[in-house]
Amino acid sequence: MLPLVTNVFCCEGGSFENFRMPRVVPDQREKFENDELFRKLSRESEVFVGPGTNLSLQFMSNAWSDNADDRVPTREYVDFEREPGRAHLKSQFIMNGVCVIWRGWLDLQRMDGTGCLEFDEERAQVEDALLREQIEQYNRRLRDLEDRQRQFRNDQERQAEAEAEVVQALLNFSEKRPES
């Protein structure tokens, strides 16, 4: 049995702490078009402000940016001027591994309105590229790990063979040695 190597997972190249769960599924459009939940939510439906299950939406451009200064609400995302008494809203987010946009409006007096989900093709392409890059990074790390394990096993086998040769040489030497 080979001894346990304690540093196999944290060798050069960083640790596995840097890896995150993928944010999106591989075929987002297919899931959006065929999943019952997305089909239901992509139809225009009533929305209202009140108690119950809440969906927290962010209405800002560059919502994906890591820089807080980039995430500023714009008229494209929150428009109070398009129609008097209504707020037209847009929010981008990832839902169940699919990039979507929620578009809708709220009546500012009654606090109800309509809205629906749309597939966000542009963001889906960006996230898909990130997913492919992440998978390639996982595969590269896995190949590196397998190479290190293979090298370790080969080193152990060579060491065992060398030790066996030494033992055999000692046994041969002791057998040839005349007894006094």
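Student: Okay, Asp79 first. Is Asp79 buried or exposed?

Tutor: Asp79 is buried, because its relative accessible area is 9%, and buried means under 20%. Keep in mind that this is a predicted model.

Student: Which strand is Asp79 in?

Tutor: Asp79 sits in strand β2, which covers residues 78-79.

Student: And what does the side chain of Asp79 reach?

Tutor: The backbone nitrogen of Glu81, at 2.8 Å.

Student: Leaving aside its neighbours within four places in sequence, what is Asp79 in contact with?

Tutor: Three residues turn up there: Arg86, Ala87 and His88.

Student: Let me follow up on Arg86. Where does its charged end sit?

Tutor: Over the ring of Trp105. The distance from the charged end of Arg86 to the centre of that ring is 3.5 Å.

Student: What share of the residues is buried?

Tutor: Of the 180 residues in the chain, 28% are buried.

Student: Which residues touch the most other members of the largest nonpolar core?

Tutor: That would be Phe32, Phe38, Val100 and Leu117, in a core of 17 residues. At least two core residues come from each of β3 (86-95), β4 (98-107), β5 (112-119) and α3 (121-176). The top contributor is β4, which gives five residues.

Student: You mentioned Val100. What is Val100 in contact with, leaving aside its neighbours within four places in sequence?

Tutor: Quite a list: Phe32, Phe38, Ser91, Gln92, Phe93, Met95, Leu117, Glu118 and Asp120. So you can see that Val100 is in contact with both Phe32 and Phe38, because contact means heavy atoms within 4.5 Å.

Student: Speaking of rings, how many aromatic pairs does the structure hold?

Tutor: Two. One of them joins Phe32 and Phe38, and that pair is tilted, with 5.4 Å centre to centre and 45° between the planes.

Student: What share of the contacts with a separation of 6 or more is between residues 24 or more positions apart?

Tutor: That share is 55%.

Student: Changing topic: what is the mean pLDDT of the chain?

Tutor: The mean is 83, and 78% of the residues reach 70 or more. Among the elements, helix α1 (residues 28-34) has the highest mean, 96, while strand β1 (residues 45-48) has the lowest, 85.

Student: And where does pLDDT stay under 50?

Tutor: Over residues 1-13. The model has 17 contacts beyond four places in sequence for that stretch.

Notes. Residues are numbered from 1 along each chain as its sequence is written. This is a predicted model: local features need pLDDT of at least 70, side-chain atom pairs count only at pLDDT 80 or more; totals for chains, interfaces and linings use all residues. Side-chain values use heavy atoms; hydrogens and water are left out. pLDDT is the predictor's confidence in each residue, from 0 to 100. Helices (H or I, at least four residues) and strands (E, at least two) are DSSP runs, numbered from the N terminus. A nonpolar core is a set of buried Ala, Val, Leu, Ile, Met, Phe, Trp, Tyr and Cys residues joined through side-chain atoms within 4.5 Å. Buried means under 20% relative accessible area, exposed over 50%, partly exposed in between (1.4 Å probe, protein chains only). A polar contact is a pair of N or O atoms within 3.5 Å; within protein, one must be able to donate a hydrogen and the other to accept it, and residues adjacent in sequence count only if both atoms are side-chain atoms. Rings of Phe, Tyr and Trp (its six-membered ring) pair if their centres lie within 6.5 Å; planes under 30 degrees apart count as stacked, over 60 as edge-to-face and the rest as tilted. A charge sits over a ring if NZ of Lys or CZ of Arg is within 6 Å of the ring centre and within 35 degrees of the ring normal.
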